[in-house]
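Please read it alongside the sequence and the coordinates.

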Amino acid sequence: MKNEAFTLAEVLITIGIIGVVVAMTLPSLINNSQKKELEAGLKKNYSVIQQALTMYQAQNGEKLEANALENRELKTILIKYFDVLIDCGYGAGDQSKACVPMYEIANQNYKAAYKTYNNQTMRLSLLDDGQFILKDGSAIFLENSVTSLSSITVDVNGFIKNPNRWGHDLFTFQLMNDGRLLPMGAEGTIFSDEATYCSYTSSNIYNGVGCTYKALTEKNYWKNLPK
């Protein structure tokens, strides 16, 4: 009887084909996995922020309302309701402790720690009224100016890890005057104009700040992130 077997050349060709297929599919699989992690991180942190506000209400007998806050008071009130690893102080003013300093204040040619939704230079002014790192690595940034708005921004995988872009791993929520916490971009929030604040083509320095609502509600949002 004649025994049949693969030749060495056939084995090597098969291994080569498998290698090519893996090389072609692996980056896509890794990218999809990373997006799933970021999506899960957004949902988790949304819940964590809401829980902090709920704990404040339970302790004080009233909701935390944006129009009742003094300048930079939001950090002092909220930080105690989070599981904080590092208090980064503030981004502006005394920047000695800041995790993400506001270098843009002194230098118009600064290199920002973050980019916009479509990877352009982003202004950091919504991150400067309080910063702290949670024990799970997430970074919380607060905006609390009596002349503009009160917002809570979270980098779901920390400011050290990429992509460090609004609408990718950086997401913003607005604290409303009635105490509700709304994902930025939702109706009634200050950055709800999608064409300006969550656009593939917008050159606005805040492009991406309004993507949070879409990230939480649109089924294909994570599949269509700009490169």
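In which loop is the place of Pro-163? Pro-163 sits in the loop between β4 and β5. This is a predicted model, in which local features need pLDDT of at least 70 and side-chain atom pairs count only at pLDDT 80 or more, while totals for chains, interfaces and linings use all residues. Residues are numbered from 1 along each chain as its sequence is written, and side-chain values use heavy atoms, with hydrogens and water left out.

**Fold and burial**

- The chain has 4 helices and 6 strands, where helices (H or I, at least four residues) and strands (E, at least two) are DSSP runs numbered from the N terminus.
- Along the sequence these elements follow the pattern α-α-β-β-β-β-β-β-α-α.
- Of the 227 residues, 46% count as buried; buried means under 20% relative accessible area, exposed over 50%, and partly exposed in between (1.4 Å probe, protein chains only).

**Nonpolar core and surface patch**

- A nonpolar core is a set of buried Ala, Val, Leu, Ile, Met, Phe, Trp, Tyr and Cys residues joined through side-chain atoms within 4.5 Å.
- The largest such core has 33 residues, of which Leu-64 and Tyr-221 touch the most other members.
- Elements giving two or more residues to this core are α1, α2 (73-78), β2, β3, β4 (150-155) and β5 (170-175).
- Helix α1 supplies the largest share of this core, 7 residues.
- On the surface, Leu-8, Leu-12 and Ile-15 make up a nonpolar patch with about 340 Å² of accessible area together.
- Patches are made of residues with over 30% relative accessible area and no salt bridge, with like charges joined within 9 Å and nonpolar side chains (Val, Leu, Ile, Met, Phe, Trp, Tyr) within 5 Å.
- Accessible areas come from the Shrake-Rupley method with a 1.4 Å probe; for residues, only the protein chains shown count as cover.
- Leu-12 belongs to helix α1 (residues 8-60) and counts as exposed because its relative accessibility is 52%.

**Aromatic contacts**

- There are 11 aromatic pairs in the structure; rings of Phe, Tyr and Trp (its six-membered ring) pair if their centres lie within 6.5 Å, and planes under 30 degrees apart count as stacked, over 60 as edge-to-face and the rest as tilted.
- Tyr-114 and Phe-141 form an edge-to-face pair, because their ring centres are 6.0 Å apart and their planes are at 80°.
- This pair links distant parts of the chain, 27 residues apart: Tyr-114 is in the loop between β1 (84-87) and β2 (131-134), and Phe-141 is in strand β3 (residues 139-144).
- Tyr-114 counts as buried at 0% relative accessibility, and Phe-141 counts as buried at 1%.
- Tyr-117 and Tyr-221 are stacked, with ring centres 6.5 Å apart and planes at 25°.
- Tyr-117 lies in the loop between β1 and β2 and Tyr-221 in the segment after α4 (212-217), so this pair ties together parts 104 residues apart in sequence.
- Lys-75 lies over the face of Tyr-90 at 4.6 Å from the ring centre; a charge sits over a ring if NZ of Lys or CZ of Arg is within 6 Å of the ring centre and within 35 degrees of the ring normal.

**Salt bridges**

- The count comes to 7 salt bridges, each defined as a side-chain nitrogen of Lys or Arg within 4 Å of a carboxyl oxygen of Asp or Glu.
- One of them joins Lys-44 and Asp-136, whose closest N and O atoms are 3.0 Å apart.
- That pair links distant parts of the chain, with Lys-44 in helix α1 and Asp-136 in the loop between β2 and β3, 92 residues apart.
- Another joins Asp-129 to Arg-72 (3.1 Å, N to O).
- Asp-129 is in the loop between β1 and β2 and Arg-72 in the loop between α1 and α2, 57 residues apart.
- Asp-129 counts as buried at 6% relative accessibility, whereas Arg-72 is partly exposed at 24%.
- Asp-178 and Arg-180 also meet in a salt bridge (2.8 Å, N to O).

**Backbone exceptions**

- Most residues other than glycine have a negative phi, and most peptide bonds are trans.
- The peptide bond from Asn-162 to Pro-163 is cis, with omega near 15°.
- Asn-164, in the loop between β4 and β5, has a positive phi near 50° and counts as buried at 7% relative accessibility.
- Asn-119, in the loop between β1 and β2, has a positive phi of about 70° and counts as partly exposed at 43% relative accessibility.
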